[in-house]
Amino acid sequence: MKTRFLTLAATAAALAFGTMAAEAKVKACFIYVGPIGDFGWSYQHHQGALEAQKNLGGEEQVELAYLESVPEGADAERAIERFARSGCNIIFTTSFGYMDATNAVAKKFPDVKFEHATGYKRESPNISTYNSKFHEGRYVQGIIAAKMSKAGVAGYIASFPIPEVVMGINSFVLGAQSVNPDFKVKVVWANTWFDPGKEADAAKALIDQGVDIITQHTDSTAPMQVAHERGIKAFGQASDMIKFGPETQLTSIVDDWGPYYTKRIKAVADGNWEQIDIWGGMKDGHVVMAPYTNMPDDVKAAAEAAQAKITSGELNPFTGPINKQDGSEWLKAGEVAEDGVLLGLNFYVAGVDDKLPQ
Amino acid sequence: MLEQILITIATAATPLLIAAIGELVVERSGVLNLGVEGMMVMGAVTGFAVALTTGSPWLGVFAAVIVGALFSLLFGFLTLTLVTNQVATGLALTLLGLGLSGMIGEAFVGQPGIKLSAIYIPGLTDIPFVGRLFFGQDPLFYVSILLTVGVAWFLFRTRAGLTLRSVGDNHGSAHALGINVIGIRYLAVMFGGACAGLAGAFLSLVYTTQWIENMSAGRGWIALALVVFASWRPLRVLAGAYLFGAVSIGQLHAQALGIGIPSQLLSALPYLATIVVLVLISRNRRLTMINTPASLGRPFVPDR
């Protein structure tokens, strides 16, 4: 009896799915923390969404909806819930601060799939989390910086002292030190993700103090332009910024969310979406490097070699021996940092010329 | 290096100065326009778009000034003719400006712009240490200084300036004397809009030659605070803008030098300095009263 019922249910489901397939429309919805015109974080997420739509057959197959500049907090919950009610099949919330709001709404709408970027809470089975190992790219940038810098010191424009950013600084330093053990990094905290004027000022201050390579963990292209004006080299951030510094950009870490979004929206369309927690790096295609430009061939070769090693899994930037900034030992020779430790990282490795704001 | 730092400070101060001088004239006429941020960002997108499409940064600057003035006209019509609440209308203008500029600017995101190049006078610009500071900055820097001096002269040395201040101090009496209160306020509001537009153009054509949504990043609000900070005196606005610029650049240098002060505190310094000065100024209530336009923010409806 029970088996027959199940068969019946399966047939019904198949029929239902059949009719759905005829329309074959998935509604994918996105919540962005900034404007899609920031040419940084939110811009890249939106590009990923558009790419997924294109890959999966365009507007006929995938309907996109998005809300931009949604503040993290109470407003976010309302925005997400509105999406859930309006027939979204899958909702991507693309900032750390949406974590609790996304989980709260996910509980109320078990039939809708939720994907939260950079978070770690998955309180119901219909919510996944995803993030990228951008620090892998920063390790490669560190290698390039140490080979390109004559002064032996790079300037780092940072946003907020959260683990993600601290991890990036450390990884950059470790990459640089693998080439030049005495390499130094000067850090300036802008205390903002996005203020082109202030980022430009920070770049000028660093250059005036003698750095000859600029890298940033803030979102605008302003530091690249300043580096260009002052005739030094710089790394781009989040997107390929070569247009802003044709003779300046060495490379850029490009957040490529397209493949992931394609995979996840397709899973919803195919009916085989499952909860996951992914921290994808170069290996998974999450972290892409813009072309290596404005550097001699040997530097380019070293960068490509490091990238290949990281991609193959042979090299992990956080492999011992690594000392903390105060000189005490963090990782023994050959020891690899655990993901959990990295995701809560709150100290510098040796060689950072800055006091970490706590 | 010192010259380079001073130039950086001037660049940080100039947009604040231009926008604040405009708002000072508006407030001196008795109108409080909280839409500076919105007008500024409209100026930024217009300046960038026009400069990029025509290839001339000067046309961009010109267009930004026009658009800033036109945009403020909307505020003027609502608050002066329809007598809506100035605070609410100003806030609405900021929100509208931020949204509208994002929409207009969508096609221009991620495109390198055209820079309004710094002036170069052979001989003078090459003087060591001070040449570039005094004779080698971008043209809008000189405009901002002239604007400040011009407004100071206009407000306190001309009959028209006296009339404008009288409208701001007591619109009832000014009206009784036969002064066209609404007309003068319209002109003042448009001047403020034009200045905010110019400040916006400075952001997208000099400070950082690019268009990004919301690129004014709160500078309109700082300009508003500067006007109060300066107790409605043009030369104090100049001092305030440069003080603000100096503290914000200074804290970045302090960080790069590795001075062990928490960066969050350093970032807050310019704002803390503003508060401290405000407290010091307001200790002398009579002085504050003399400078504050008495009709500021009060709606004016002519007797019927």
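Helices, at least four residues each, and strands, at least two, are runs assigned by DSSP and numbered from the N terminus. The legends below describe a predicted model.

**View 1**
Among the contacts in chain B that link residues at least 6 apart in sequence, 79% join residues at least 24 apart.

**View 2. Helix H12 of chain B and its kink.**
Helix H12 of chain B covers residues 263-282, and at 1.5 Å a residue its 20 residues should span 28 Å; the C-alpha atoms at its ends are 29 Å apart, which agrees. Within H12(B) there is a kink of about 45° at Leu269(B), shortly before the proline Pro270(B).

**View 3. Ile145(B) in helix H6 of chain B.**
Ile145(B) is found in helix H6, which takes in residues 139-157 of chain B. Is Ile145(B) buried or partly exposed? A residue needs 20 or more other C-beta atoms within 10 Å of its own to be buried, and 12 or fewer make it exposed; Ile145(B) has 15 such atoms within 10 Å, and is therefore partly exposed. Along the chain, Ile145(B) and Arg298(B) are 153 residues apart, and their C-alpha atoms are separated by 31 Å.

**View 4. The contact between chain A and chain B.**
The contact takes 30 residues from chain A and 34 residues from chain B. On the side of chain A that touches chain B, strand S7 (184-189), helix H7 (196-208) and helix H8 (222-230) each supply at least two residues. The element that gives the most to this side of chain A is H7(A), with nine residues.

**View 5. The seven-stranded sheet of chain A.**
Seven strands of chain A form an open sheet with mixed pairing, in the order S12-S10-S9-S8-S6-S7-S15. Strand S12 (287-289) and strand S15 (352-353) stand at the edges with a single partner strand each, so one side of each is left without a neighbour in the sheet. S7(A) and S15(A) pair in the parallel sense over two bridges, and the bridge partner of Lys186(A) in S15(A) is Asp353(A).

**View 6. Strand S6 of chain A, inside the sheet.**
Strand S6 of chain A (residues 153-158) has six of its six residues buried, so it is largely enclosed by the rest of the structure. Both faces of S6(A) are covered, with Val153(A), Gly155(A) and Ile157(A) buried on one side and Ala154(A), Tyr156(A) and Ala158(A) buried on the other. S6(A) and S7(A) run parallel and are joined by six bridges; in S7(A), the bridge partner of Ala154(A) is Val185(A).

**View 7. Strands S3 and S4 of chain A.**
Strand S4 of chain A (residues 113-117) is mostly covered, since five of its five residues are buried. On one side of S4(A) the buried residues are Lys113(A), Glu115(A) and Ala117(A), and on the other they are Phe114(A) and His116(A). Strand S3 of chain A (residues 90-93) runs parallel to S4(A) and is joined to it by four bridges, with Thr93(A) standing opposite His116(A) in S4(A).

**View 8. Helix H5 of chain A.**
The 15 residues of helix H5 (residues 134-148) of chain A should span 21 Å at 1.5 Å a residue, and the distance of 21 Å between its end C-alpha atoms agrees. H5(A) is mostly covered, with 13 of its 15 residues buried.

**View 9. The surroundings of Tyr32(A).**
Tyr32(A) is found in the loop between strand S1 (26-31) and helix H2 (41-55) of chain A. It counts as buried because it has 22 C-beta neighbours inside 10 Å. Leaving aside neighbours within four places in sequence, Tyr32(A) is in contact with several residues, including Ser42(A), His45(A), Tyr66(A), Glu68(A) and Thr94(A). Tyr32(A) and Lys147(A) are 115 residues apart in sequence, and 37 Å apart in space from C-alpha to C-alpha.

How values were computed
Residues are numbered from 1 along each chain as its sequence is written. Chains are lettered from A and ligands numbered from 1 in the order in which they are written. This is a predicted model: local features need pLDDT of at least 70, side-chain atom pairs count only at pLDDT 80 or more; totals for chains, interfaces and linings use all residues. Two residues are in contact if their C-beta atoms, placed from the backbone, lie within 7 Å. The expected span of a helix is 1.5 Å times one less than its number of residues. The bend at a residue is the angle between axes fitted to the seven residues ending there and the seven starting there. Two strands pair if DSSP finds at least two bridges between them.
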